[in-house]
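This report walks through a single model, one site at a time. The sequence and structure are shown first, and the notes follow.

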Amino acid sequence: MDAVQSPIVQVIGDLIRQVPGTISLGQGVVHYGPPREALDAACNALGDPATHEYQDGTGIPILVERLTDKLKRENGIDVARGSRLMVTAGANMAFVHAVLAITEIGDEIILPVPFYFNHEMAIDMAGCTTVRVATDEHYQLRLDAIRAAITPRTRAVVTISPNNPSGAVFGESSLREVNTLCRERGLYHITDEVYEYFTYDSARHTSPGSFAGAEAHTISMYSLSKAYGFAGWRIGYMTYPDHLASAMMKAQDTILVCAPIVSQVAAAAALEVGRQYSTPHVRELAEIRDIVLRELGSLEPLAEVPAADGAFYVLLKVNAPPRGAEPSIPMTIAERLIREHKVAVIPGPAFGMTDGCYFRVAYGALQKETVAEGIGRLIEGLRTIVGAEQLTKSSN
Ligand SMILES: Cc1ncc(COP(=O)(O)O)c(C=O)c1O
């Protein structure tokens with residue numbers, strides 16, 4: 001565990017608690033909770049003795065049925081054609097299971113940078129190696145870099161689209177190239193799609209599991225945490241090739257046995273409400289995103305804000321003095337932003353962004369007015385902290 005990075009959201013959370021009144025643009029959560037129907041179903045389930053028992057590790061039948069239907073209709077994935085489906089306690093657990101199922105100690109997994117910190121942490125914990133590969137200046141995938149990173153020990157390439165932390169949405173052709181490369185080189189394509197509903201403007205979500213022949217090497221992960229405001233209920237799910245059924249079940253049975261039944265019952269009710277539940281929330285987030293992009297745009301040239309067409313993040317690049325590129329500097333600035341300006345963001349090194357000064361700004365958890373106030377504080381804070389340093393430097 002000494003080699004595993006500390007959970008950054010907890011680290012920043014501790015700082016936030018020390019400074020009451022801090023606006024958090026840190027944690028990646030949504031500001032709404034589950035549909036009423038899910039809560040009613042959970043209440044009703046409390047009186048059913050089956051709720052309190054261990055049940056099948058893959059998931060309760062009604063939820064499996066609804067997820068199977070959703071995957072077919074919305075994602076173009078027909079589980080009956082060579083895949084399996086498993087309900088886990090969130091997509092984080094699905095990722096841990098997948099890494100355990102497909103690797104031996106010392107194997108390598110390719111993560112395009114920026115990556116999601118818990119992916120790297122899971123790979124490290126499994127005794128494997130994260131191989132970081134660069135993306136382009138818009139945080140889009142670079143097939144050449146992925147191809148060059150493959151070695152005899154590579155087991156998988158991970159893509160996250162829409163992306164945490166960059167907000168980038170990968171196009172169909174780009175995901176198809178990665179999926180094909182994985183097939184040709186005998187690798188798994190792990191595709192994290194927990195933000196599938198969160199796309200803006202003309203951006204469209206693509207599920208690589210829907211590509212012809214993908215079922216033999218694609219592991220697709222989803223979550224109710226964001227779409228249905230379900231983060232605390234811990235429900236995610238994944239599809240994976242038939243041949244991984246035994247390995248995945250070993251991981252599931254050892255770590256979880258089965259996802260909490262009451263949460264699964266609630267999830268089944270949420271699925272019945274369906275995607276339409278998130279639609280007004282995503283529309284509202286689109287408006288908040290416009291404010292965030294517009295306001296942060298005023299920081300140029302002190303900071304750059306690459307386009308972010310999905311999720312509810314932007315990855316801000318601060319053009320800090322050269323020593324801002326040292327990994328400790330973004331953390332120091334993040335700490336000063338909290339202590340001196342009462343606004344929290346997540347420093348870039350947690351996402352593998354170590355060649356510059358980056359901060360992830362999350363705008364999903366707050367009401368519009370609070371986000372606007374938080375962004376105002378962030379702008380003022382960065383101007384004061386980084387701008388002042390730059391002035392000092394240029395006058396030296
Ligand atoms: C890319 C990505 N994958 C997975 C997760 C975890 O989701 P869950 O709550 O389902 O474990 C998150 C949560 O922020 C995420 O950003």
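## An exposed loop residue

Asp-201 counts as exposed, because its relative accessibility is 62% and the cut-off for exposed is over 50%. The model is a predicted one, and this applies to every value in the report. Asp-201 sits in the loop between strand E6 (188-192) and strand E7 (218-223). The backbone of Asp-201 has a positive phi of about 50°, although the residue is not a glycine.

Is Ala-311 buried or exposed? Ala-311 is buried, because its relative accessible area is 0% and buried means under 20%.

## Two cis peptide bonds

The bond from Val-113 to Pro-114 is cis, with omega near 10°. The bond from Glu-300 to Pro-301 is cis as well, with omega near 5°.

Pro-114 belongs to the loop between strand E3 (108-112) and helix H5 (117-125). With a relative accessible area of 4%, Pro-114 is buried. What distance separates the C-alpha atoms of Pro-114 and Leu-315? They are 9.2 Å from each other, while the two residues are 201 residues apart along the chain. As for Pro-301, its place is the loop between helix H10 (279-297) and strand E9 (303-304).

Thr-22 is part of the loop between helix H1 (8-18) and strand E1 (23-24). Its relative accessible area is 14%, so Thr-22 is buried, given that the term covers values under 20%.

## His-119 in helix H5

His-119 is located in helix H5. The relative accessible area of His-119 is 2%, and the residue is therefore buried. The C-alpha atom of His-119 is 7.8 Å from that of Asn-92, and 27 residues separate the two along the chain.

## The ligand and its surroundings

A polar backbone atom of Ala-91 is 2.6 Å from an oxygen atom of the ligand. For Asn-164, a polar side-chain atom lies 2.7 Å from a ligand oxygen atom. For Arg-234, a polar side-chain atom lies 2.8 Å from an oxygen atom of the ligand. On its own the ligand has 400 Å² of accessible area, and the protein covers 93% of this.

Key
Residues are numbered from 1 along each chain as its sequence is written. This is a predicted model: local features need pLDDT of at least 70, side-chain atom pairs count only at pLDDT 80 or more; totals for chains, interfaces and linings use all residues. Side-chain values use heavy atoms; hydrogens and water are left out. A polar contact is a pair of N or O atoms within 3.5 Å; within protein, one must be able to donate a hydrogen and the other to accept it, and residues adjacent in sequence count only if both atoms are side-chain atoms. Accessible areas come from the Shrake-Rupley method with a 1.4 Å probe; for residues, only the protein chains shown count as cover. Helices (H or I, at least four residues) and strands (E, at least two) are DSSP runs, numbered from the N terminus. Buried means under 20% relative accessible area, exposed over 50%, partly exposed in between (1.4 Å probe, protein chains only).
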